[in-house]
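Dear colleague,

I am passing on the structure below, followed by notes on what was found in it. Please read the notes with the coordinates open.

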Amino acid sequence: MAPSATSDIAPEGEYKPKHIEDRLFINGEFVPSISGKKFDIVNPNNEKFAASVYEAGAEDVDLAVKAAKEAFPAWSALSATDRQGYLNKLADAIEKNVTEISYLEAISMGKPYIGDAFNMFGVQILRYLASKALDVSGDSSLNTVGHVNITLRQPFGVCGAIIPWNVPLLMFINKVGPALATGNTLVLKSSEKSPLSVLAVARLCQEIGLPKGVLNILSGFGRPCGEAIAKHMEIRKVSFTGSVLAGRAVKKAAAESNLKNVTLELGGKSPLLVFPDADLAKAVPAAAFSILANSGQACIASSRVYVHSSIADEFMEAMKTTMVHMGKSGDALKAGTQRGPQADKIQFDRVMSYLNYAKDNGLKMPIGGGREGNTGYFIEPTIIANAPEDSKVMKEEIFGPVVCINTFTDEAEVLDRANDTEFGLYASVFTKDISRAMRVAKALEAGSVGVNCTSPTMAVDLPFGGWKQSGDGRELSKYATDFWTELKSVFIAL
């Protein structure tokens with residue numbers, strides 16, 4: 001049996017890896033960047049230096065693409081079972097080293113790491129996606145006289161991936177799993193805020209004998225590294241997860257270069273609707289956990305809650321108590337920590353700017369509204385009550401432990417308000433009326449809808465992605481491989 005996520009941690013939660021990798025991973029080897037430039041990672045728990053990492057530039061992207069291009073013919077020619085085998089070996093290696101990986105995420109972006117459920121879920125996802133290698137197939141048709149016609153699904157070739165900082169391993173797996181399972185080779189850029197954990201996974205790729213050049217991992221910034229990937233003429237597909245602003249830049253760069261295929265998983269401003277018959281014993285903790293998980297740094301967080309006016313006071317009182325209890329913060333390296341800091345000073349300042357906006361505009365904040373403590377990038381769990389629908393806090397993604405709670409009286413009216421956004425990633429409804437639940441689920445403009453549950457509820461065999469400006473394409477499920485393959489029609493005359 002593989003060790004658990006906490007198997008090598010002392011009771012007080014102390015753990016340190018023997019080595020923190022700082023180099024780029026190109027063609028199966030760790031190498032410094034061509035420029036020799038490095039950037040620092042600051043531990044958001046204590047604002048102290050954590051590590052220094054080599055910064056990839058456009059020249060490093062060229063080297064990685066060259067390695068991926070050379071590796072593609074042999075990798076794509078492998079049987080699906082062989083590719084599945086490599087991915088399962090990688091999943092096993094990640095599970096055995098999940099403590100190290102989670103520790104590195106804790107010191108780089110502040111995610112509590114003891115018993116890290118996000119990363120263990122990632123292992124499950126990778127095993128599932130590995131199995132999809134055997135399901136990549138086309139169709140056949142006998143509808144043309146004198147022909148047997150077929151469709152083929154084939155890999156793009158060299159692909160690019162750009163992942164965010166909030167759940168690095170999970171995002172890494174969502175790209176690497178289907179990309180490699182379908183026979184592509186990959187150049188992946190991690191976020192400059194949290195590059196350490198995926199470099200540990202790069203070491204595991206070496207240990208399991210993943211063929212050189214199949215997966216290349218670069219640490220760097222959006223410019224120049226991410227831009228070079230999006231513009232590269234020999235990359236045929238790029239998958240990006242991050243902000244709408246950056247996603248738009250990736251799509252523009254792809255359009256201005258070789259019109260490479262682009263899939264995007266972007267931001268959210270997810271509504272949660274609570275009707276009078278809702279089970280508040282379930283709705284309140286679900287709403288609180290959704291906005292507090294990962295310190296609110298989740299695109300699927302239920303950041304807009306609409307509660308029926310007849311139960312609004314009861315819901316608010318319960319929500320205040322639950323947010324305070326569930327939102328207890330602490331050093332992400334310590335056992336028992338439920339909520340860590342914001343990822344870095346940029347994210348801390350961003351969230352604080354919204355809280356200052358709320359204060360400046362006289363918005364009510366029943367709890368929270370400020371910094372927590374004097375050290376580390378901690379922010380109080382915050383409720384903003386009855387903010388105007390056109391206010392910044394209702395329209396823009398805050399990405400922190402801040403939830404806006406408004407009231408409603410009419411189903412049609414609240415659906416209009418819930419859908420009055422350019423985001424459409426996740427939405428939720430709590431009600432005991434099955435007809436209402438299905439009406440609302442159908443009407444909500446989002447890629448995922450929770451009924452009597454909310455984010456981060458997901459399933460590996462169901463697609464994940466957004467409507468409107470929340471994305472383009474899907475991850476997870478049997479549909480994931482469709483977005484990593486080209487479709488070809490073959491006409492066979494008899």
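A polar contact is a pair of N or O atoms within 3.5 Å, where within protein one atom must be able to donate a hydrogen and the other to accept it, and where residues adjacent in sequence count only if both atoms are side-chain atoms. This is a predicted model, in which local features need pLDDT of at least 70 and side-chain atom pairs count only at pLDDT 80 or more, while totals for chains, interfaces and linings use all residues. Residues are numbered from 1 along each chain as its sequence is written, and side-chain values use heavy atoms, with hydrogens and water left out.

By an automatic or database domain assignment, the chain is divided into domain 1 (24–266 + 471–493) and domain 2 (270–451), whose centres, taken over C-alpha atoms, are 31 Å apart. Their contact (heavy atoms within 4.5 Å) takes 24 residues from domain 1 and 30 residues from domain 2. The buried area, that is, the accessible area (1.4 Å probe) that two parts lose on being put together, summed over both, is about 1900 Å² between domain 1 and domain 2, with 60% of it from carbon and sulfur atoms. On the side of domain 1, Asn45, Glu47 and Trp165 lose the most area to domain 2, together 27% of what that side buries.

Eight residue pairs are in polar contact between domain 1 and domain 2, with both residues at pLDDT 80 or more. The interface also holds two salt bridges (a side-chain nitrogen of Lys or Arg within 4 Å of a carboxyl oxygen of Asp or Glu). Separately, glutamate 47 forms a salt bridge with arginine 371, in which the closest N and O atoms are 3.1 Å apart.

Two cis peptide bonds deserve a look. One runs from arginine 223 to proline 224, with omega near 15 degrees, and proline 224 is placed in helix H7 (residues 222–231); helices (H or I, at least four residues) and strands (E, at least two) are DSSP runs, numbered from the N terminus. The other joins serine 455 and proline 456, with omega about 10 degrees, and proline 456 lies in the loop between strand S18 (448–451) and strand S19 (471–472).

Positive phi values are found in leucine 259, at about 55 degrees, and in phenylalanine 399, near 65 degrees, neither being a glycine. With buried meaning under 20% relative accessible area, exposed over 50% and partly exposed in between (1.4 Å probe, protein chains only), leucine 259 is exposed at 66%, whereas phenylalanine 399 is buried at 15%.

Best regards
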